[in-house]
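Subject: Handover of a structure

Hello,

Here is the structure I promised to pass on. Please keep it open while you read; my notes follow below.

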Amino acid sequence: MRRSSSAGRPAAGGRAPRQRAGDAEQLGFEGMPERLFVCTPSKLGAYTDCPRRYRYSYVDRPAPPKGPPWAHNSLGASVHTALKNWYALPAERRRPEALATLLKGTWVREGYRDDEQERAAYRRALGWLEAYVETLEPDSDPLGVERVVAVKTAVLAFNGRADRIDSRPGPDGPELVIVDYKTGRTGLDTDDARGSQALALYAYAAERVFRRPCRRVELHHLPTGTVAGHDHTVESLARQLTRAEETARDIMAAERAVAGGADADEAFPVTPSPRCGWCDFRRHCPAGAQAPGKEPWAAMDRPADG
């Protein structure tokens, strides 16, 4: 974990950020509350994975052009939207035979190597969906589907879109459960559910939005039909929130440094890893460009991986 930078630290090189007209809200005066960091799980995750990728995505303007679309992202988006539309149907129409039409209507074609690979991916996705809805109660409506939840803390203005929010019986009344659909890599287990900062933040926000306990988080892996779950405590959710706030402070410190004239490459260093081959900005990053690039359809050649 990176050490948090203090809010009032001068920019790199000892220079304080230059104040310009209209900067009062951004830089603040003594006694004024610090600007909240507006974020989503993907925004926090981008910085945690690689500060340089965060900079390309959220700081540089104009942003460097991304590479071509990824087939595995197209597949995941298609499946997620089909499940969203499944719950939009009247309960009496939520039957497996409706899925082919739903999936065709939401299918994203970008990134595949050729028509043959795309057709195979469609058949695979339809099979996942048909098996998955057999485990659902068609007459039961979740509390939320693709539901945005938001919360403010002393540091964050967080918002995120949960795939599904269930309401289930608990020992002291209804409790909420965060459900996240997965179509990628295999081997998800309770450690993945417990360690997911995104799921923890969804749970923290949902509990405050709906005013009901929300401690259970689940990863539903459609390719294998498995569920990896974890039951958080108040303390474990607080730890995940603290981690997110520390990341936000680091990001704001780096952004202030760049605004004050610091070198952007130093403020947002690259973190080389196997992910570099899959990065949308690999061509623009000297370190990332040294990693072998992946074809847009590469993850599709490894079933249920990517």
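Start at Pro62, which sits in the loop between α3 and α4. Helices (H or I, at least four residues) and strands (E, at least two) are DSSP runs, numbered from the N terminus. The bond between Arg61 and Pro62 is a cis peptide bond, with omega at about 0 degrees.

Some ground rules. This is a predicted model, so local features need pLDDT of at least 70, side-chain atom pairs count only at pLDDT 80 or more, and totals for chains, interfaces and linings use all residues. Numbering runs from 1 along each chain as its sequence is written, and side-chain values use heavy atoms, with hydrogens and water left out.

**The chain as a whole**

Ten helices and six strands make up the count for the chain. Of its 306 residues, 43% are buried. Buried means under 20% relative accessible area, exposed means over 50%, and partly exposed is in between (1.4 Å probe, protein chains only). Take the contacts in the chain with a separation of 6 or more: 68% of them involve residues 24 or more positions apart. A contact means heavy atoms within 4.5 Å.

**Around α2 and α3**

Helix α2 covers residues 41–49, and its buried residues are Pro41, Lys43, Leu44, Ala46 and Tyr47. These pack against β1 (37–39), α3 (51–59), β3 (156–170), α8 (197–210) and α9.

The axes of α2 and α3 are 5 Å apart, and the two helices pack at an angle of about 135 degrees. Axes are lines fitted to C-alpha atoms, for helices over the stretch in contact; angles run from 0 to 180 degrees between N-to-C directions. That angle makes α2 oblique to α3. The cut-offs: under 35 degrees is roughly parallel, over 145 roughly antiparallel, 65 to 115 roughly perpendicular, and the rest oblique.

From α2, the contact uses Ser42, Lys43, Gly45, Ala46, Tyr47 and Asp49; from α3, it uses Pro51, Arg53, Tyr54 and Tyr58. By class, the contact of α2 with α3 has five nonpolar, two polar and three charged residues. Here Ala, Val, Leu, Ile, Met, Phe, Trp, Tyr, Cys and Pro count as nonpolar, Asp, Glu, Lys and Arg as charged, and the others, Gly among them, as polar.

Cys50 is in the loop between α2 and α3. Its relative accessibility is 11%, so Cys50 counts as buried. Leaving out residues up to four places away in sequence, Cys50 touches Pro269, Val270 and Thr271. Cys50 and Ser273 are 223 residues apart in sequence, yet their C-alpha atoms are 8.9 Å apart in space.

Next, α4 (residues 71–88) and α5 (residues 99–106). Their axes come within 8 Å and cross at roughly 130 degrees. α4 and α5 are therefore oblique to each other. This crossing of α4 and α5 is right-handed. A crossing is left-handed if the near helix is turned anticlockwise from the far one by less than a right angle, and right-handed if clockwise. In α4, Ser78, Val79, Thr81, Ala82, Asn85 and Trp86 meet Leu99, Leu102, Leu103 and Thr106 of α5. The contact of α4 with α5 has six nonpolar, four polar and no charged residues.

Then α8 and α9, whose axes come within 9 Å and cross at roughly 110 degrees. That makes α8 roughly perpendicular to α9. The crossing of α8 and α9 is left-handed. Gln197, Ala200, Leu201, Ala203 and Tyr204 of α8 make the contact with Leu237, Gln240, Leu241, Arg243 and Ala244 of α9. The contact of α8 with α9 divides into seven nonpolar, two polar and one charged.

**His232**

Look at the loop between β6 (226–231) and α9 (234–259): His232 lies there. His232 is buried, at 6% relative accessible area. The side chains of His232 and Ser236 are joined by a polar contact of 2.8 Å. A polar contact is a pair of N or O atoms within 3.5 Å; within protein, one must be able to donate a hydrogen and the other to accept it, and residues adjacent in sequence count only if both atoms are side-chain atoms. Beyond its neighbours within four places in sequence, His232 contacts Ala193, Arg194, Ala200, Arg215, Val217 and Leu237.

Glu146 is not a glycine, but has a positive phi of about 50 degrees. Glu146 is in strand β2 (residues 144–152). Glu146 counts as buried, at 17% relative accessibility.

Arg211 is not a glycine either, and has a positive phi of about 60 degrees. Arg211 lies in the loop between α8 and β5 (214–221). With a relative accessible area of 75%, Arg211 is exposed.

Best wishes
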